[in-house]
Amino acid sequence: MINRKRLFWATTAIVGTLAGAGAASAQSTGTQATEVDEIVVTGARGPRTIDGAIVAENVGKSRSTITQEYIATQAAGQSINEILNLVPGMNFTNNDPYGSSGGNIRLHGFDGNRIAQTFDGMPLNDSGNYALYTNQQLDSELIDRATVNTGTTDADSPSASATGGTINISSITPTEEFGGWVKGSLGDFNYKRVMGLVNTGAVGPWGTRAWLAYSDQSYDKFKGIGDLGKIQYNAKIYQPIRDNGDFVSLAAHWNRNRNNNYNGPNLFRNADGSLGSTADTSPFGWNVDFVPTYTAPTFRNGLADVDSNGTSYWGLRVNPSDTGNLRGQSRFTLAEGLIFTFDPSFQYVLANGGSQQTVLAENDALLRGTNATGGVDLNGDGDLLDKVRVMTPSNTHTQRYGINSSLIWNLNEDHSLRLAYTLDHARHRQTGAYGTIDFSNPTEPRFTNYFGGRNGPTITNLNGYDLRARDRLSYAILNQVAFEYRGKFMDDHLRLNLGVRAPFFKREMNQYCYSQSGSSSVRCTSETASTTGLVNGVSTPLANGMVSFAGVGTTRTVDGVPVFTSTQFIKPYSREKTFDDILPNLNATWRFDGASSVYFSYAESLTLPRTDNLYTVLYNADGELISPILDPETSKTYDAGYRYQTGTLIASANIWYTQFQNRILSAYDPETNISTDRNVGDVDMMGFDAQLGYSPIESLSFYASASYNDSEIQDDYRRSSSSVIPVGGKSLVETPDWTFVLSAKYETGPLSAGIQAKYVGERWLTDVNDLAVPSYTVVNADARFALGYFGFEGTDIQINVTNLLDEEYFGSLGTGLDANSSLYANQGPPRTIQASVRYAF
């Protein structure tokens with residue numbers, strides 16, 4: 001049984017046999033090629049992995065890997081980030097039982113926007129705001145392995161946002177034999193999923209091989225009204241070149257999501273200081289969600305009709321996305337000891353939050369444009385008196401090209417050099433053409449098109465101008481050079497890895513709307529702009545070419561008299577912002593004669609200001625158009641650990657310390673008297689991680705992990721001219737101090753069963769740490785009956801139960817400055833049962 005379940009260590013220099021499996025935990029072909037001999041511990045014999053839940057690591061930094069052996073035991077269709085939840089240091093809060101609604105990552109206190117995730121070496125973080133959309137990732141059945149680097153990067157990491165570390169996923173390689181499988185799954189909440197894969201096997205004169213896969217899943221929300229659907233297509237072609245590990249491959253991926261959103265309860269502090277939520281008072285209780293009904297608006301000629309419904313009707317809360325990519329990978333041996341790798345990629349994204357909407361008056365200035373009177377009859381009742389609901393989407397269309405290449409020179413068996421070049425060029429088009437809402441069934445309205453006026457009917461004003469919520473074009477361009485040295489010393493007891501990467505970032509921003517000074521708000525309009533404005537009721541010329549619009553501003557009372565001050569806008573503009581840095585990383589490993597080793601690593605990384613941050617602009621005293629954010633966030637991470645790895649036991653423990661500098665947060669700027677995103681200070685973080693996999697007998701295995709996180713914000717910051725937020729000395733929000741995982745797996749004959757429990761400690765909701773959500777424990781279980789025991793190899797029946805004890809807990813959090821802020825949470829999904837049947841051929 002062990003031979004079937006596990007891969008074995010090599011006892012001699014048969015590195016080439018293991019290279020494909022072991023090095024795949026690296027993010028790029030270049031890093032795989034340099035780490036190829038890191039997977040062998042001389043003289044050790046036994047499994048490299050304990051049931052795929054833990055893999056023996058020998059790089060000089062903290063890294064955790066899971067393989068398809070473990071992934072296959074988890075629920076069908078589940079997000080790989082949820083499956084990685086057992087890894088120490090990582091906490092992922094899934095927003096629904098099957099993963100299509102996404103979730104939130106915290107890795108050593110850093111959120112997903114500050115963690116670089118790659119897919120066969122291609123960066124997955126959004127090129128504008130660095131968000132990770134976990135619901136759009138590769139079907140888990142197609143993932144060979146997934147790896148988490150806590151606080152560190154690889155030498156060639158192609159990322160503008162990696163202060164918190166990296167997550168790398170690698171797709172499976174086509175097999176040499178023809179075959180495939182089909183899989184069907186049913187589960188709670190009307191869950192239905194079908195998936196299939198076909199391997200061509202080696203065909204043609206050169207042994208070319210490929211696989212093609214398709215999946216389609218749908219299910220109802222676990223609370224409220226609505227459903228979620230996802231269709232995914234994947235393919236990969238692989239061409240080996242000679243028998244030395246050289247190859248060329250090309251993979252394709254397409255994902256289509258159409259999901260109704262969930263609405264979590266608002267959270268607040270009760271009078272006694274305890275945590276309260278609207279779930280306590282809602283008639284729906286814990287199942288509080290979006291409003292289930294819509295009051296039909298009236299359309300009557302000559303009467304001022306108003307759509308009085310809010311924005312919380314479930315049918316107008318939809319999250320659509322279309323994403324796809326092409327991923328090339330290749331390795332060529334140019335001469336003895338000289339290897340070249342080349343990984344090109346292309347990505348396509350069209351997505352929005354899908355819920356943006358407003359009630360627009362038919363005689364609004366936006367609809368009149370340059371006209372003093374008139375308007376547009378939006379509901380067709382023959383008058384211009386009404387207020388009608390329209391869609392105001394925030395569409396994002398990205399076209400992104402990438403290259404990750406390396407030239408590796410193996411000087412001899414003990415020393416190698418690598419020169420790497422990375423290009424990441426993203427065209428980021430953000431539009432918001434207003435769209436119509438279909439009221440053919442007035443009590444159940446729907447968006448006419450999920451992407452508003454971009455793909456459907458537009459709303460045009462009297463000037464022929466299509467109304468839009470935003471309109472801008474950005475280019476995010478990374479050119480990076482990296483150098484790495486690897487060496488072995490003292491009879492291979494000591495291994496050193498010295499690297500440095502030099503990223504050069506350029507952000508090109510083209511704003512086609514008027515920007516409110518010092519704010520991210522814009523006004524996209526054909527109205528006549530004035531170079532003067534009212535300041536406390538007095539007409540005043542505006543500085544730096546800024547403009548105002550009639551009736552747009554605020555009124556306040558001075559000595560009992562209302563006075564009006566115009567909002568000042570910056571004209572459409574184009575600007576560039578560049579960033580560059582030198583980011584060293586080094587690590588060392590000392591291998592003892594037995595199964596023990598120790599390591600130390602140091603790594604520097606950075607996260608650039610998000611594109612949205614850079615579109616918040618104002619004029620400084622010199623008349624220069626600037627953003628309040630001056631510097632990127634940076635991190636310095638120190639990490640030291642111990643590993644013990646034998647045939648039946650894989651264990652590791654490490655301590656770490658991270659200096660997080662130039663943290664970006666929305667804070668009050670006393671110089672401009674406004675609140676903007678700006679650099680507000682530093683955070684010191686430290687902790688330890690530990691994990692252990694143990695298989696005392698071939699039919700039984702255990703896994704355990706523990707993680708402790710401690711963070712301290714170094715400085716207070718201002719919320720207003722008279723309010724200082726006392727966050728100095730406080731901990732980061734949404735980060736548990738303790739997490740524990742314990743799991744066990746037992747196999748006898750055709751039956752295997754596993755159980756896993758994860759404890760997540762208390763998490764702060766607010767920056768000042770005056771309100772927290774309680775700890776929770778989630779237990780998952782799985783069982784499989786393998787018909788391969790009776791000769792039907794690869795065919796099985798599997799049952800998965802998530803949240804077995806039906807724990808009620810808060811998952812992803814909407815945090816704030818203090819308990820008076822607007823706070824909310826997503827509820828964790830309830831107990832969910834899923835059954836799958838897989839037939840192989």
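Predicted model: local features only at pLDDT ≥ 70, side-chain atom pairs only at ≥ 80, totals over all residues.
Where is Asn 190 found? Asn 190 sits in the loop between β11 and β12.

Asn 190 has a phi near 60°, a positive value in a residue other than glycine. Phe 189 lies in the loop between β11 (179-187) and β12 (191-199) as well. Its phi is also positive, at about 65°, although Phe 189 is not a glycine. Most residues other than glycine have a negative phi. Phe 189 counts as partly exposed because its relative accessibility is 23%. Asn 190 counts as partly exposed too, at 42% relative accessibility.

Now step back to the whole chain. Its secondary structure comes to seven helices and 54 strands. The radius of gyration is 28 Å, close to the 28 Å that the globule rule gives for 841 residues, so the chain is as compact as a globular protein of that length. Along the principal axes, the C-alpha trace spans about 90 × 65 × 55 Å. Buried residues make up 56% of the 841 residues. The accessible surface comes to about 32800 Å², and carbon and sulfur atoms hold 55% of that surface. Take the contacts with a separation of 6 or more: residues 24 or more positions apart account for 68% of them.

Next, the interior. In soluble globular proteins, nonpolar side chains tend to be buried together. The largest nonpolar core here has 52 residues. Ile 66, Ile 80, Leu 84, Leu 86, Met 90 and Leu 142 have the most contacts inside this core. Strand β41 gives the most to the core, with four residues. Look at Ile 80 in detail. Leaving aside neighbours within four places in sequence, Ile 80 is in contact with Ile 66, Ile 71, Ile 143, Ala 146 and Ile 169, and also with Gln 117 and Gln 137.

A search of the whole structure finds 29 aromatic pairs. One of them joins Phe 110 and Phe 660: the ring centres are 4.9 Å apart and the planes stand at 70°, so the pair is edge-to-face. This pair links distant parts of the chain. Phe 110 is in strand β6 (residues 110-111), Phe 660 is in strand β41 (residues 649-669), and the two are 550 residues apart. Both Phe 110 and Phe 660 are buried. Compare Phe 340 and Phe 342. Their ring centres are 6.3 Å apart and their planes lie at 20°, so this pair is stacked. Phe 340 counts as partly exposed, at 29% relative accessibility. Phe 342 counts as partly exposed, also at 29%. Rings can also join in a group. Ring pairs link Tyr 294, Phe 299, Tyr 313, Trp 314 and Phe 439 into a cluster.

Arg 327 lies over the face of Phe 119, at 3.8 Å from the ring centre. The charged end of Lys 221 sits over the ring of Tyr 262, 5.2 Å from its centre.

Two more residues are worth a visit. Thr 152 has its place in the loop between β9 (143-150) and β10 (165-171). Leaving aside neighbours within four places in sequence, its contacts are Lys 61, Ser 62, Gly 165, Thr 166, Ser 601 and Ala 603. Thr 152 and Lys 636 are 484 residues apart in sequence, yet their C-alpha atoms are 9.0 Å apart in space.

Gly 324 lies in a strand, β18 (residues 318-335). Gly 324 is buried, with a relative accessible area of 9%. Beyond its neighbours within four places in sequence, Gly 324 is in contact with His 253, Trp 254, Phe 346, Gln 347 and Tyr 348. Pro 240 is 84 residues from Gly 324 along the chain, and their C-alpha atoms are separated by 25 Å.

Methods
Residues numbered from 1 in each chain as written. Heavy atoms only, no water. Phe/Tyr/Trp six-rings, centres within 6.5 Å; stacked < 30°, edge-to-face > 60°. Buried < 20%, exposed > 50% of the residue type's maximum accessible area, 1.4 Å probe, protein only. Lys NZ or Arg CZ within 6 Å of the ring centre and 35° of its normal. Core = buried A, V, L, I, M, F, W, Y, C linked by side-chain atoms within 4.5 Å. Contact = heavy atoms within 4.5 Å. Rg over C-alpha atoms; globule rule 2.2 N^0.38 Å. Areas by Shrake-Rupley, 256 points an atom, 1.4 Å probe, with all protein chains shown as cover.
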